[in-house]
Amino acid sequence: MSLRFAARMARRDARAGSGTLVLCGGAIALGVAALVALGSFRASVADAVARQGRDMLGADAAFSSRHAFPDSVRRLLDSLSRTGAGVSRSTGFPSMVLAPGSGAVRLLEVRAIEGGWPFYGEVETSPPGAWAALHRDTAAAGADLLPLAVLDPEAAAQLSASAGDTVTVGRARFVVAGVATAMPDHPPTRVFDRPRVYIPAGDLASTDLVRRGSLITYGAYLDVGGSGAARTILDGHRGMLRRAGVRATTPAREQERLTSGVGYGTRFLGLVGLAALLLGGLGVASAARVLAATRLRSAALLRCLGASRGSVLSIFLLETLALALVASALGAAAGIGVQAWLPHLLSGLLPVSVRFGVHPGVVAAGLGVGVGSAFAFALLPLLDVRDAPPLAALRRAESGVDAEGRRRWRDPRRWGAAGLLAAAVAALCVWQAPSPLTGLAYAGGLALLSLLLAAVGRGLAWAARRFLPHGAPYALRQGVSNLFRPRNQTLAVVVALGLGTFLIGTLAAVESSVVDRLRLATGPGQPDLVLFDIQPDQRDSVLDLVRRGGHPALGATPIAVLRIASLNGVDAAHLRAGEGRRASGAAPSDSDPAAGQTGRRPERWALGREYRSTWRDSLTATETLVAGRWWDSAWAGGPRPGQVSLATGIAGDLGVGIGDTITWEAAGRRLTTVVTSLRDVDWARPALNFFAVFQPGVLETVPATWVVLTRIPDPRARAALQRDLVERFPSVSAVDLSRIEAAVRQVVGTVAEAVRFMTLFSVMAGLLILVAAIWASRRQRLRESVLLRTLGARAATIRSIHLAEYACLGGLAGLAGTGLAAVAGWALVARGFGLPYRTPVGSLALLWLATSAAAVLVGALAGGKAVRRPPLEVLRGLEE
Amino acid sequence: MILAEGLVRAYTAGGRTLTVLSGVDLTVAAGEIVAIVGPSGSGKTTLLGLLAGLDRPTRGTVRLDGELLADLDQEGLARLRAEKVGFVFQTFQLLPTLTALENVMVPIEIATDRAGHRGDRNAAERRARELLGRVGLAERADHYPSQLSGGEQQRVGLARAFANRPTILLADEPTGNLDADTGAEVIDLLVELNREADTAMVLVTHDTELAARASRVVRLRDGQLAGAT
Ligand SMILES: Nc1ncnc2c1ncn2[C@@H]1O[C@H](COP(=O)(O)OP(=O)(O)OP(=O)(O)O)[C@@H](O)[C@H]1O
Ligand SMILES: [Mg+2]
């Protein structure tokens with residue numbers, strides 16, 4: 001058997017055109033478009049990141065640390081610089097910046113960079129030359145002149161400042177030399193990044209902000225003559241850098257971090273887009289079923305004339321694949337176009353500016369996936385034509401042809417085809433998903449959802465027929481029973497429309513709960529301004545300032561920064577470094593002092609992290625005590641150590657429980673505590689909560705800063721207080737929670753918008769499948785309506801029948817989709833995010849109505865034609 | 001050409017066995033036309049299906065051109081049909097998505113496909129056009145079945161049946177769906193084509209006129225064949 005005959009026959013058969021197949025091909029095209037758009041976008045981001053290369057950092061490598069570099073690191077930098085490498089030091093910290101001209105105050109990131117950075121790439125400013133001017137020796141320019149500053153565009157916008165304006169940072173004033181339009185190591189401002197102001201390193205001291213307890217990031221940029229040398233240095237000193245708490249990075253690592261971040265995000269979107277492709281596949285399966293049914297007689301005849309089973313199957317398989325190829329090509333072309341729109345959609349979340357590009361690999365993958373999924377979905381239904389019984393050719397045309405149905409379930413080919421389909425869907429999901437497990441979970445979820453939708457759709461339709469009162473209007477009864485006509489596509493339509501509805505509904509449910517949550521977090525009674533970095537001696541004056549303005553001071557909380565020095569007497573460094581005796585296979589034993597009450601190994605990150613902790617004598621409303629006693633006065637373990645209460649999660653990660661001792665270190669001082677209680681903390685609720693809370697009287701000797709919360713609903717009063725604050729206490733920072741809320745809202749909105757956009761593909765695919773189903777049944781519909789009209793039915797009656805049928809179809813699909821969306825919304829919000837869930841009944845009801853209306857509209861448009869055609873013409877056309 | 005011996009075909013449905021054919025012997029020589037007549041439901045189509053290898057007998061054997069059908073699997077039977085058997089159906093059975101010409105070409109294409117060589121498409125088309133000319137439809141070569149009348153469709157069916165120069169031709173009520181005049185026309189063609197190709201022919205018919213043109217008429221009754229003039 002060669003494919004030549006099959007190909008020729010396929011071409012001839014395609015000439016007759018299968019409208020159903022073409023429409024479902026459209027659904028495949030939509031799926032391919034979604035995937036190609038995302039894939040191209042991802043590739044364009046990778047291209048953009050790769051193009052930046054070393055400009056990414058402006059250096060071969062960069063160090064950063066939350067502490068001043070220890071001697072070991074300083075020695076390394078010195079030796080590098082002696083051997084001719086470029087070393088550029090940077091200092092950065094958050095600070096309130098005031099623009100006296102506009103009166104705007106913002107919490108910005110202040111950066112001072114000394115040395116020759118950037119070693120690669122250029123800083124472009126408007127007006128030009130501002131960056132160079134910034135680094136010219138200010139002393140030489142004259143003592144009476146103010147030092148210069150460069151703002152990034154977002155900082156300039158937030159401060160309403162431009163070149164020539166003055167800004168105040170701490171105790172110092174600067175003149176804005178220009179706005180940086182392009183700068184290495186400075187991604188386009190993203191929502192959660194603090195905008196930056198650059199000042200000369202020589203003027204750092206004059207701000208009076210660099211001192212103990214400030215949130216300073218120390219950095220260094222290296223120019224060592226290439227990425228190879230940089231890697232050698234980083235690898236050679238990895239242990240030392242880790243011990244010093246220094247994060248080292250290279251352009252390559254930054255690139256990978258950025259592309260993997262975008263990759264991760266777009267892959268999640270890809271899963272949403274994949275739903276469109278799978279719906280397309282479902283449509284193709286459904287269309288293939290119709291194709292097989294209508295061509296079964298032809299297949300039987302070809303078998304009778306001596307064609308082999310394989311070539312008969314090949315004919316219709318080739319026809320389907322050729323169509324899928326054309327559809328995929330169109331979809332890929334559309335996807336390339338859609339790609340141009342994605343950066344716009346995701347603006348504010350992207351690390352680089354993305355250029356439009358056509359990526360042959362992505363297009364090829366799109367074509368392959370489109371054709372491959374069509375093959376996987378069409379094979380099973382098309383096996384029917386392979387099994388067309390040749391004897392049927394001898395029988396009467398009216399008697400219809402059935403594939404040899406009896407033996408279907410025992411046919412290994414059918415099982416093979418079903419297995420292929422399952423494997424293909426799983427492979428597609430894994431390929432598109434951020435991780436294989438997510439992909440498999442998604443595939444399983446979709447399969448379960450389709451089954452549920454199918455079951456719900458079938459059940460509801462069955463119930464509609466079963467329980468429809470006999471007295472119901474004729475049109476309604478007829479419409480409902482139309483759902484069961486032979487070769488009906490009720491199932492495909494319910495699943496397709498239902499899935500589309502489900503996706504929109506779930507998104508709406510999640511989005512509304514998250515937005516609700518935001519509103520609650522900043523609602524009445526909640527603080528909207530957080531003042532932090534308050535030194536102990538400033539605390540009373542700051543509280544005074546707040547109260548004098550007539551604003552409530554919603555508590556003042558001390559915060560001390562601690563690290564863990566040892567657990568139950570075993571050095572933390574030892575615990576972190578050695579996988580210990582435990583790792584060598586010995587079981588935890590009572591004699592192992594590091595084995596806490598829980599017997600679990602402490603997690604490395606939990607041992608190494610900084611603990612921002614407080615002390616207080618009462619629990620907050622967001623905490624519940626689950627073990628031990630809150631400041632146990634009767635505690636008599638050891639020589640009166642202080643008591644500490646841990647959050648349950650961190651206690652688990654540290655592997656400690658009640659009675660274990662933890663020695664903390666802060667500012668060179670050590671203090672030993674015993675765990676006397678465990679708290680469950682509801683982190684999702686807005687409150688100042690801490691992993692470790694100390695008994696009052698334990699931490700007071702450790703340097704701490706204070707946080708003061710207040711609520712000032714009037715934005716002007718809020719701004720005024722911040723101005724007063726910055727003038728009197730320049731080192732105190734303020735975070736306007738309404739700004740954070742706006743930022744979160746923007747991110748949630750952008751993400752939801754992007755997901756909605758991808759959902760659109762599925763919705764359109766679902767509608768196409770609905771149209772395809774109507775197309776598939778048009779002959780029967782025509783014949784019925786002609787018959788009814790010949791029997792004297794009014795056109796209006798026939799119209800109502802169609803109306804009832806599509807209202808049922810849309811209504812059932814919508815009900816199933818929204819119902820399951822409510823459940824999924826609950827699962828995601830309540831179980832997944834741990835937020836309180838409220839079913840958005842209103843929007844889901846609206847969605848249900850919209851789905852039903854869409855189905856009725858499409859049905860009415862299709863049905864109208866059948867009603868208008870004159871019966872005689874129709875009868876003639878029906879001769880098959 | 002055709003050698004059937006002791007053919008029995010019984011259907012079991014709903015626990016009951018219906019014996020349609022109970023021991024049929026039939027021999028048809030090359031160039032011979034055998035007409036099978038019999039009341040509706042007597043098993044004529046069933047017999048034809050067995051002769052063509054479309055169905056397996058419960059007992060008995062069929063040899064076509066020397067090949068024992070029982071020795072062949074489904075694919076072997078299909079090959080045999082493609083090479084040696086032509087069909088004419090009561091309900092014409094043209095492929096609705098193909099033109100008249102393409103319908104006639106199908107058996108040739110299937111045979112060349114089986115032979116695994118490219119085949120001469122031009123030769124196939126010439127042969128098909130010639131046959132369409134023989135049945136008087138040269139002008140309608142590019143028409144689809146839906147654009148042809150019943151008689152015209154059956155003439156295309158005849159052209160298709162002879163396309164591959166079959167050594168055996170099986171026809172199930174070829175005139176059953178046609179009026180008397182058109183039926184007569186089709187019968188003339190059938191006999192003429194048979195004479196040219198020296199084909200062994202089995203016709204199932206109710207049509208006395210057609211039966212009268214046969215070399216032999218056999219009657220099927222109670223599952224048995226009874227010879228007649
Ligand atoms: N698959 C089947 N299962 C059960 N019985 C069958 C089957 N196929 C045919 N029969 C029965 O076998 C008998 C013979 O059928 P057949 O079609 O061969 O008759 P026929 O002589 O061709 O009749 P007609 O002149 O009406 O075409 C009928 O009674 C029919 O019901
Ligand atoms: Mg019959």
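Me: How many residues of chain B are in contact with chain A?
Reply: Start with the contact count for the two chains. In this predicted model, 36 residues of chain B touch 31 residues of chain A.

Me: And how do I put a size on that interface?
Reply: The size of an interface is often given as the accessible area lost when the parts come together. Here the area buried between chain B and chain A is about 3000 Å², and carbon and sulfur atoms give 55% of that area.

Me: How many salt bridges does the rule find across the interface of chain B and chain A?
Reply: The rule finds 4 of them. One to look up pairs A:Arg8 with B:Glu109; their closest N and O atoms are 3.0 Å apart. As for polar contacts, the count between chain B and chain A is 11 residue pairs, with both residues at pLDDT 80 or more.

Me: Which elements give two or more residues to the side of chain B that touches chain A?
Reply: Go and find three helices of chain B: α1 (44–51), α2 (74–84) and α3 (100–115). The largest share comes from α3(B), with 7 residues.

Me: How do the residues on that side of chain B divide by class?
Reply: You'll find 14 nonpolar, 10 polar and 12 charged residues on the side of chain B that touches chain A.

Me: Let's move to the ligand. Why is the site of ligand 1 said to be shared between chains?
Reply: Check which chains the surrounding residues belong to. Residues of both chain A and chain B surround ligand 1, so the site is shared. There are 14 residues around ligand 1, and those that come nearest are A:Arg395 from chain A, plus B:Ser40, B:Lys44, B:Thr45 and B:Thr46 from chain B.

Me: Which element gives the largest share of the shell around ligand 1?
Reply: That's α1(B), which supplies 3 residues. Sorted by class, the shell around ligand 1 has 3 nonpolar, 7 polar and 4 charged residues.

Me: What should I zoom in on to see polar atoms meeting the ligand?
Reply: The side chain of B:Thr46 has an N or O atom 2.5 Å from an oxygen atom of ligand 1. B:Lys44 places a polar side-chain atom 2.7 Å from a ligand 1 oxygen. With B:Ser42, look at the backbone instead: a polar atom there is 3.3 Å from an oxygen of ligand 1. As for cover, ligand 1 has 640 Å² of accessible area on its own, and the protein covers 67% of it.

Me: How many salt bridges does the structure hold over all chains?
Reply: The total is 40. For an example inside one chain, look at A:Arg257 and A:Glu254, whose side chains meet with an N to O distance of 2.7 Å. Both residues sit in helix α10 (residues 251–304) of chain A. They are 3 residues apart, about one turn of the helix.

Me: What about the backbone? Which angles are worth a look?
Reply: Most residues other than glycine have a negative phi, and most peptide bonds are trans. A cis peptide bond joins A:Trp117 to A:Pro118, with omega about 0°; A:Pro118 is in the loop between β3 (104–113) and β4 (124–126) of chain A. Another cis bond links A:Ser126 and A:Pro127, where omega is about -5°. A:Pro127 belongs to the loop between β4 and α4 (130–135) of chain A.

How values were computed: Residues are numbered from 1 along each chain as its sequence is written. Chains are lettered from A and ligands numbered from 1 in the order in which they are written. This is a predicted model: local features need pLDDT of at least 70, side-chain atom pairs count only at pLDDT 80 or more; totals for chains, interfaces and linings use all residues. Side-chain values use heavy atoms; hydrogens and water are left out. Contact means heavy atoms within 4.5 Å. Buried area is the accessible area (1.4 Å probe) that two parts lose on being put together, summed over both. A polar contact is a pair of N or O atoms within 3.5 Å; within protein, one must be able to donate a hydrogen and the other to accept it, and residues adjacent in sequence count only if both atoms are side-chain atoms. Helices (H or I, at least four residues) and strands (E, at least two) are DSSP runs, numbered from the N terminus. Ala, Val, Leu, Ile, Met, Phe, Trp, Tyr, Cys and Pro count as nonpolar, Asp, Glu, Lys and Arg as charged, and the others, Gly among them, as polar. A residue is near a molecule or strand if one of its heavy atoms lies within 4 Å of it. Accessible areas come from the Shrake-Rupley method with a 1.4 Å probe; for residues, only the protein chains shown count as cover.
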